Amino acid sequence: MAILVIAEHDNAALAAATLNTVAAAQQIAARAIGGDIHLLVAGSGCAAVAEAAAQVAGVAKVLVADHSAYAHQLPENLAPLIAQLVQEQGGKEYSHVLAAATSNGKNVLPRVAALLDVDQISEIVKVIDADTFQRPIYAGNAIATVQSSAAVKVISVRGTGFDAVAAEGGSASIEAIASVCDAGISRFVGEEIAKSERPELTAAKIIVSGGRGMQNGDNFQLLYGVADQLGAAVGASRAAVDAGFVPNDMQVGQTGKIVAPELYVAVGISGAIQHLAGMKDSKVIVAINKDEEAPIFQVADYGLVADLFEAVPNLSQAIV
Ligand SMILES: Cc1cc2nc3c(=O)[nH]c(=O)nc-3n(C[C@H](O)[C@H](O)[C@H](O)COP(=O)(O)OP(=O)(O)OC[C@H]3O[C@@H](n4cnc5c(N)ncnc54)[C@H](O)[C@@H]3O)c2cc1C
């Protein structure tokens, strides 16, 4: 049986999160079932995405559902399409359905699981075997090992748990899907996309994050300057977001984005467990805080006990 991975994209480019999800699929295939990996690209005018998907290492087949009903990947339309693909051929084709644990993935997968009448397995970070997975619970303070006996495993994948496969090197076949699922119960009204020249938080290799210690939004300019020097993304604690210093798409943590960059610099962030839940898997953590007792120092590889308003400008000068 094969593994169906739902591609994350914007009709123009394949999102990096797909490569981490394919990596998880490869591990499932390697640990027992040995099936092919198929990538579903559902969108509108998404031929370029399908071409890119066919290049992804380890993918055997790309299924393309190119129709206006999928233009904005409304889950009400996408979920029945996925369920239909799984149920074709008497349900013998797919043993697993995987998607990234992004907003899109979290939107569509529970509906797929409900349509297939199985439990969803959420945010896996490790594959033990084809039925058994590890996932964080209690804001990442414990790891649960879960085993599923469901006929089809519907799984969301936490990207930080799996190193991305190569975006190139594959040569999958591309197959168009003719049937269209248009539930007609929702419509796309609009979207507001934050525009930034800096890398996207969840894909960035370096993140500089600020907390309540920044005192106000204007002071974040200090971090933007350092981030631009380092080619980094800028994140924030929830306290900084709630105080209105920065928009909430910058929030890192349990109720924000989960990140695991090569380098995470936490500035004026105390290190509450809900913040750590979003960044503690970063490869190298640097903390700048004037309170030497701040819990962030317990997870930091390098800690600087200092006033950030002195330390950050000094850091910026040292980088030049
Ligand atoms: C259900 C739930 C979900 C949550 N989800 C999230 C989440 O997703 N992400 C998140 O971040 N939080 C989350 N929180 C909130 C979390 O509990 C903390 O309140 C929050 O992370 C604190 O943010 P902070 O570290 O910026 O602020 P504080 O805890 O106030 O820490 C500010 C730090 O700045 C330091 N500081 C102050 N001035 C300076 C200076 N001049 N120089 C150097 N250091 C200085 C202080 O010493 C202090 O350590 C959640 C809470 C709940 C209950």
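In this predicted model, a backbone N or O atom of Gly268 lies 3.0 Å from an oxygen atom of the ligand, a polar contact being a pair of N or O atoms within 3.5 Å, where within protein one must be able to donate a hydrogen and the other to accept it, and residues adjacent in sequence count only if both atoms are side-chain atoms. Residues are numbered from 1 along each chain as its sequence is written, and side-chain values use heavy atoms, with hydrogens and water left out. As the model is predicted, local features need pLDDT of at least 70 and side-chain atom pairs count only at pLDDT 80 or more, whereas totals for chains, interfaces and linings use all residues.

**Ligand surroundings**

- A polar side-chain atom of Ser270 lies 2.7 Å from an oxygen atom of the ligand, and a polar side-chain atom of His275 lies 2.8 Å from an oxygen atom of the ligand.
- Of the 980 Å² of accessible area that the ligand has on its own, the protein covers 76%, with areas computed by the Shrake-Rupley method with a 1.4 Å probe.
- The ligand is surrounded by 25 residues, of which the closest are Arg212, Ser237, Thr255, Ser270 and Asn289, a residue being counted if one of its heavy atoms lies within 4 Å of the molecule.

**Domain arrangement**

- The domain assignment, which is automatic or from a database, gives domain 1 (2-176) and domain 2 (201-318), and their C-alpha centres lie 31 Å apart.
- Five residues of domain 1 are in contact with seven residues of domain 2, where contact means heavy atoms within 4.5 Å.

**Domain interface**

- Between them, domain 1 and domain 2 bury about 580 Å², 59% of it on carbon and sulfur atoms; buried area is the accessible area (1.4 Å probe) that two parts lose on being put together, summed over both.
- In domain 1, Ala139, Arg158 and Thr160 lose the most area to domain 2, and together they account for 69% of what that side buries.
- One residue pair, both at pLDDT 80 or more, is in polar contact between domain 1 and domain 2.
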